[in-house]
Amino acid sequence: VVAVHATRALRSVALFTLPWLARWFAGRTRSSSGVPLPRTMHVAISRGDAERVIIVGDVHGCFDELQDLLAKVHYDSAVDRLILVGDLVNKGPKSVEVVRWACEHGIACVRGNHDDAVLAVLRRCGKWAEQEPPASYAYAKDLSPDEVAYLAELPYSIWLPDMNTLVVHAGVVPGVPLVRQRPENLLKMRNILRRPGMALAAIERDVDGSSAWASAYDGSMGHIVFGHDAKRGLQREAHATGLDTGCCYGKELSALVLPQREVVSVPARRVYEKPGAAADRRDTGALNSCPAPNRSAEPSPSPPTPSARKSPSAPSLSRCQDRE
């Protein structure tokens, strides 16, 4: 009996630590902001008995609009599964309220570049190691330890095998398997650049010859739902849907409702920030277009092997009150 329990304990430890150790040996334990990567980079969530899956675009502190949108789609946590595409914080007025609500309700969400940025501020790493963060991050001190832990463990992708759908914050480099995508690309890329005789380059800003990555994506990782690109707004490509419709800029907050693939939007209550006004929050470094080393112990969504969560009302992440 003791041996059986010991074996189970060792198996649990291995499942918990092997993905992290694989990234450590591959030199990938932190984001480009210096923030530790989550223990699980890529997770799979089963639709289970959920009637619908509702995926919401970049909230950016627009808590009131989030509640408006959920009311418009008649969201019911007992029968619907809710997923957020990241960037819960910054720009809008209620970043703490958004994180607190998502944490308390165990809402599934992927990490966005702004979520990563506030974690860097709290850890005083990356560019904030030697300089004071701007006043726009004053709210960070009001996040509880449980809420910080919630942000820190947001995965970089969520795979919905029942719906052949992958959720990431920013994008993917077409033709590169998920586990070889660089974390910074999943958080920040918007475009790809084709160069003669070279691999596709992932870039964040528009440059001559670049194009939206979603327009070139071939569906090899399922239908991808993403955010991060408010300038382009709603994107509806054959194999990808972009949901950043610029709520914080006074435009709209949008959701994709599955399996119908219906887009539902609500107007912003007001303009909270003008585009380009948050340059002090940006990491302007070029994205690395090379795929990451293929030494990860984490699964690809083709096919996925992470344990799936089946109940639509069960939290997709540990509830705040359950965190130690």
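A search of the whole structure finds four aromatic pairs. A pair here means rings of Phe, Tyr and Trp (its six-membered ring) with centres within 6.5 Å. Trp128, Tyr137 and Tyr139 make up one aromatic cluster.

This is a predicted model, in which local features need pLDDT of at least 70 and side-chain atom pairs count only at pLDDT 80 or more, while totals for chains, interfaces and linings use all residues. Residues are numbered from 1 along each chain as its sequence is written, and side-chain values use heavy atoms, with hydrogens and water left out.

**Overall make-up**

The protein chain has seven helices and 14 strands. These are DSSP runs numbered from the N terminus: helices are H or I with at least four residues, strands E with at least two. Of the 324 residues, 54% count as buried. Buried means under 20% relative accessible area, with a 1.4 Å probe and protein chains only. Contact means heavy atoms within 4.5 Å. Among contacts between residues at least 6 apart in sequence, 68% join residues at least 24 apart.

**Nonpolar cores**

A nonpolar core is a set of buried Ala, Val, Leu, Ile, Met, Phe, Trp, Tyr and Cys residues joined through side-chain atoms within 4.5 Å. The largest has 48 residues. Val56, Leu88, Tyr150 and Leu151 have the most contacts inside this core. Elements that give two or more residues to this core include strand 2 (52-56), strand 3 (80-84), helix 4 and helix 5. Helix 3 provides the largest share, six residues. Apart from this core lies another, of 24 residues, among them Leu178, Leu187, Ile192 and Trp213.

What does Leu151 touch, not counting residues up to four places away in sequence? The partners are Leu88, Val99, Arg111, Asp115, Val118, Leu119 and Leu143.

**Helix packing**

Helix 2 (residues 63-72) packs on helix 3 (residues 95-104) at an angle of about 45°, with axes 8 Å apart. That makes helix 2 oblique to helix 3. Angles under 35 degrees count as roughly parallel, over 145 as roughly antiparallel, 65 to 115 as roughly perpendicular and the rest as oblique. Phe63, Leu66, Gln67 and Leu70 of helix 2 meet Glu97, Val98 and Trp101 of helix 3. These contact residues divide into five nonpolar, one polar and one charged.

Helix 4 (residues 113-123) is largely enclosed by the rest of the structure, because nine of its eleven residues are buried. Asp115, Val118 and Leu119 are among the buried residues of helix 4. The buried residues of helix 4 pack against helix 5 (145-152) and helix 6 (183-188). Arg124 follows helix 4 and has a positive phi, near 50°.

**Backbone exceptions**

Most residues other than glycine have a negative phi, and most peptide bonds are trans.

| Residue | Phi | Loop | Relative accessible area |
|---|---|---|---|
| His228 | about 75° | between strand 10 (223-226) and strand 11 (235-236) | 4% |

Where is the cis peptide bond of Pro259? The bond joins Leu258 and Pro259, with omega about 15°. Pro259 lies in the loop between strand 13 and strand 14.

Key. Axes fitted to C-alpha atoms, helices over the stretch in contact; angles between N-to-C directions. Nonpolar A, V, L, I, M, F, W, Y, C, P; charged D, E, K, R; others polar. Buried < 20%, exposed > 50% of the residue type's maximum accessible area, 1.4 Å probe, protein only. Phe/Tyr/Trp six-rings, centres within 6.5 Å; stacked < 30°, edge-to-face > 60°.
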